[in-house]
Amino acid sequence: AGRDAPLAAAPMPRWLLVTMVFLHVFANAMLAQAAPTAMLKALGDNRVRTAYALGRLSSAAALLDIVVSPQLGRLSDTVGRRPLLILPPAIALLCRGTAAVRPSIGVIVALRVLQSTLSSTYMVALRATVADQFRDNADALAERIGLMSAATGVAYFIGMLAGGRLVAAGIQLPYLASAALLGLLVPLVGVVHRETLPPSQ
């Protein structure tokens, strides 16, 4: 019980929670228009073929999510929250950096399929982190969930707007900007965030 006390005594600051959500969602929203634009160009501006291809990609991403998602809670309980808050954005950073340097359709398609699972992993771990800290305080938990929702909405709006402008200027630019945002998120989590799952659990 003594080992668990420091974890319970230091809840995540509001600014850190908002920043972790904002950077993550902002980085993802920047890419929302990149894959459709790249595929439309690769398929000779054929909108029907592009829509069909995007549908198949979305189905593949959803299937991967269905396979992986049920294991995320168990994995988070096994290895802790912190590794799942660092590894997914770090992997996404490497993938998006690759897409920025070499924006081939193959890289963009692979990234599109992986993105949902990486994002789900990160958000499951972040919600579990909040639940760890406020499991006995429903009002504080509701407030933190509200902050996460607000940060998500603002980040998505700004990311979609900025991403659209960057795509129009060059397909590699949103990937570069997204990688830069994750380049801020990964060290922030690595340096500032502390594990919230007590060692006894």
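Modeller: Let's start with a term: the radius of gyration is taken over C-alpha atoms, and the globule rule is 2.2 Å times the number of residues to the power 0.38. This is a predicted model, where local features need pLDDT of at least 70 and side-chain atom pairs count only at pLDDT 80 or more, while totals for chains, interfaces and linings use all residues. Residues are numbered from 1 along each chain as its sequence is written, and side-chain values use heavy atoms, with hydrogens and water left out.

Colleague: Thanks! What radius of gyration would a compact globule with 201 residues have, and what does the protein have?

Modeller: The rule gives a value near 17 Å for 201 residues, and the protein has 18 Å, so the two agree. Along the principal axes, its C-alpha atoms fill a box of roughly 65 × 30 × 30 Å.

Colleague: How many helices and strands does the secondary structure have?

Modeller: Helices (H or I, at least four residues) and strands (E, at least two) are DSSP runs, numbered from the N terminus. Here there are eight helices and zero strands, so the pattern to read along the sequence is α-α-α-α-α-α-α-α.

Colleague: How do I check the span of helix α8?

Modeller: The expected span of a helix is 1.5 Å times one less than its number of residues. Helix α8 (residues 172–192) has 21 residues and should therefore span 30 Å; its end C-alpha atoms are 30 Å apart, which agrees.

Colleague: Which residues of α8 are buried?

Modeller: Buried means under 20% relative accessible area, exposed over 50%, and partly exposed in between (1.4 Å probe, protein chains only). In α8 the buried residues include P174, Y175, L181 and V189. The buried residues of this helix pack against α2 (14–29), α3 (34–42), α5 (82–101), α6 (105–134) and α7 (138–169). Across the protein, buried residues make up 40% of the 201 residues.

Colleague: In helix α7, is R144 buried or exposed?

Modeller: R144, placed in helix α7, counts as buried because its relative accessibility is 7%. Contact means heavy atoms within 4.5 Å. Leaving aside neighbours within four places in sequence, R144 is in contact with M12, R14, L17, V130 and F134.

Colleague: And A138, buried or exposed?

Modeller: A138 is also found in helix α7, but A138 is exposed, with a relative accessible area of 60%. A138 and I105 are 33 residues apart in sequence and 46 Å apart in space, C-alpha to C-alpha.

Colleague: What share of the contacts with a separation of 6 or more comes from residues 24 or more positions apart?

Modeller: In this protein, such residues account for 85% of those contacts.
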